[in-house]
Amino acid sequence: MITTTLHDDRTRTVSYYGRVLGFYAAVRYKRTHAHARAWRCVTVLGALGYARNEADARRWLMEMVP
């Protein structure tokens with residue numbers, strides 16, 4: 001079962017059956033058109049990635065952690 005926990009600083013933790021996979025949070029790009037939003041993802045192993053939406057962020061974390 002995939003569990004997402006929302007923290008006070010607006011970051012989200014994703015865990016899979018109690019095992020933490022990583023964290024993600026919304027970020028804004030100032031250099032792109034209209035301050036586009038993305039989701040910055042960091043695995044517990046330190047890999048960094050970006051996703052278009054929350055579902056893609058969770059999917060990316062599931063794929064990256066062995």
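Which residues are linked with Arg 12 in a network of salt bridges? Select Arg 12, Glu 54 and Arg 58 together, for these three are the linked members of that network.

Before going further, note that this is a predicted model, in which local features need pLDDT of at least 70 and side-chain atom pairs count only at pLDDT 80 or more, while totals for chains, interfaces and linings use all residues. Residues are numbered from 1 along each chain as its sequence is written, and side-chain values use heavy atoms, with hydrogens and water left out.

**Stop one: the salt bridges**

A salt bridge here is a side-chain nitrogen of Lys or Arg within 4 Å of a carboxyl oxygen of Asp or Glu, and by this rule the count comes to 4. Zoom in on Glu 54 and Arg 12, whose side chains meet in a salt bridge at 3.2 Å, N to O. This pair links distant parts of the chain, since Glu 54 belongs to helix H1 (residues 54-64) and Arg 12 to strand S2 (residues 12-16), 42 residues apart. Helices (H or I, at least four residues) and strands (E, at least two) are DSSP runs, numbered from the N terminus.

Now colour by accessibility, where buried means under 20% relative accessible area, exposed over 50%, and partly exposed in between, with a 1.4 Å probe and protein chains only. Arg 12 counts as buried because its relative accessibility is 18%, whereas Glu 54, at 27%, counts as partly exposed.

Next select Arg 52 and Asp 56, which form a salt bridge with their closest N and O atoms 3.7 Å apart. Here Arg 52 is exposed, with 72% relative accessibility, while Asp 56 is buried at 18%.

**Stop two: strands S4 and S5**

Strand S4 (residues 37-43) pairs with S5 in the antiparallel sense over 4 bridges, two strands being paired if DSSP finds at least two bridges between them. Select Cys 41 and you will find its bridge partner in S5, Gly 49. In the hairpin of these strands, which has 4 residues between them, Gly 46 takes a positive phi near 100 degrees.

**Stop three: the core**

Select the 10 residues of the largest nonpolar core, among them Val 14, Trp 39, Trp 60 and Val 65; such a core is a set of buried Ala, Val, Leu, Ile, Met, Phe, Trp, Tyr and Cys residues joined through side-chain atoms within 4.5 Å. The elements that give two or more residues to this core are strand S3 (19-28), S4 and H1, and the largest share, 3 residues, comes from H1.

Finally, centre on Val 65, which touches Arg 19, Leu 21 and Thr 43, not counting residues up to four places away in sequence; contact means heavy atoms within 4.5 Å.
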